Amino acid sequence: LATVLESNSLSIPYEQQRIIPDIPLNCSGSITSWTVGAEWRTGGMRDFFPHLQIWRSVVEGCSYTLIGDTKLVVSGNRPRGDYIFNGTPDPAVGFQKGDILGIYQPRGSRGRVRVYYDTSTGPSNYYNDVGDADVPPMVQDQDDFEIIAASGIGNGLPLLAIQIAIDCDPLEDPENGTVVITAIATDNLTATYSCLTGFDLVGEEVRSCNCQNTGGLWTGMAPTCMLIDCGGLT
């Protein structure tokens with residue numbers, strides 16, 4: 001892992017704010033956990049760790065407002081070069097469809113963890129050197145940022161993975177039937193419909209809602225339960 005990171009990644013400089021407007025979130029929900037590739041440093045103060053953020057466009061393509069923020073918490077001493085760190089927001093950080101992710105790297109002399117970023121090609125990633133600050137900025141203008149790719153060191157995408165819980169609209173039982181919602185994963189729900197005895201299901205029996213493929217919307221239309229016509233007795 002160390003070899004892979006060192007050959008394909010660089011560390012985000014201290015006192016830098018990064019946002020990723022080219023990869024907007026495709027649904028609404030909340031971040032329940034996150035994993036970041038980073039380097040543990042033996043110097044610095046314990047309370048200055050990277051922040052995972054949610055930013056929302058106030059004026060499209062012009063300015064962004066900080067909506068949610070959670071700081072990585074690492075307890076105890078770690079060996080230098082410990083490359084994988086996990087965070088659990090408490091409470092979970094909510095987001096809406098169209099929001100974007102951000103990473104804030106606090107001031108240098110006090111930082112314990114330096115987040116890595118990708119040096120290969122890919123979606124644009126923007127950065128802003130915010131100066132000697134202990135907390136991230138609350139509002140950022142697009143003009144304050146520069147595109148990482150323009151610097152010749154790749155796309156600058158942070159090595160970050162998030163786990164989310166998706167917000168899908170509640171579903172009602174069809175008349176003379178029921179719907180059961182099952183979580184395949186926290187970001188992938190399935191709704192299964194059935195009808196009472198004496199009724200036939202008309203429409204789709206199974207619908208799904210996930211972030212990647214359906215954008216947080218249920219597929220298809222709600223089915224109905226129709227009374228079975230057995231005909232008259234002879």
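User: Which side chain does the side chain of Gln-16 make a polar contact with?

Analyst: The side chain of Gln-16 makes a polar contact with that of Arg-18, at 2.7 Å; a polar contact is a pair of N or O atoms within 3.5 Å, where within protein one must be able to donate a hydrogen and the other to accept it, and residues adjacent in sequence count only if both atoms are side-chain atoms. This is a predicted model, in which local features need pLDDT of at least 70 and side-chain atom pairs count only at pLDDT 80 or more, while totals for chains, interfaces and linings use all residues. Residues are numbered from 1 along each chain as its sequence is written, and side-chain values use heavy atoms, with hydrogens and water left out.

User: And is Gln-16 buried or exposed?

Analyst: Gln-16 is buried, because its relative accessible area is 3%, and buried means under 20%, exposed over 50% and partly exposed in between, using a 1.4 Å probe and protein chains only.

User: New topic: how many disulfides does a search of the whole structure find?

Analyst: The search finds three disulfides, each being a pair of cysteine sulfur atoms within 2.5 Å. One of them joins Cys-27 and Cys-211, with the sulfur atoms 2.1 Å apart, and both of these cysteines are buried.

User: What about Cys-168 and Cys-209, how far apart are their sulfur atoms?

Analyst: Their sulfur atoms are 2.0 Å apart, and the disulfide is left-handed because the torsion about the S-S bond is about -95°. Cys-209 counts as buried at 0% relative accessibility, and Cys-168 also counts as buried, at 17%.
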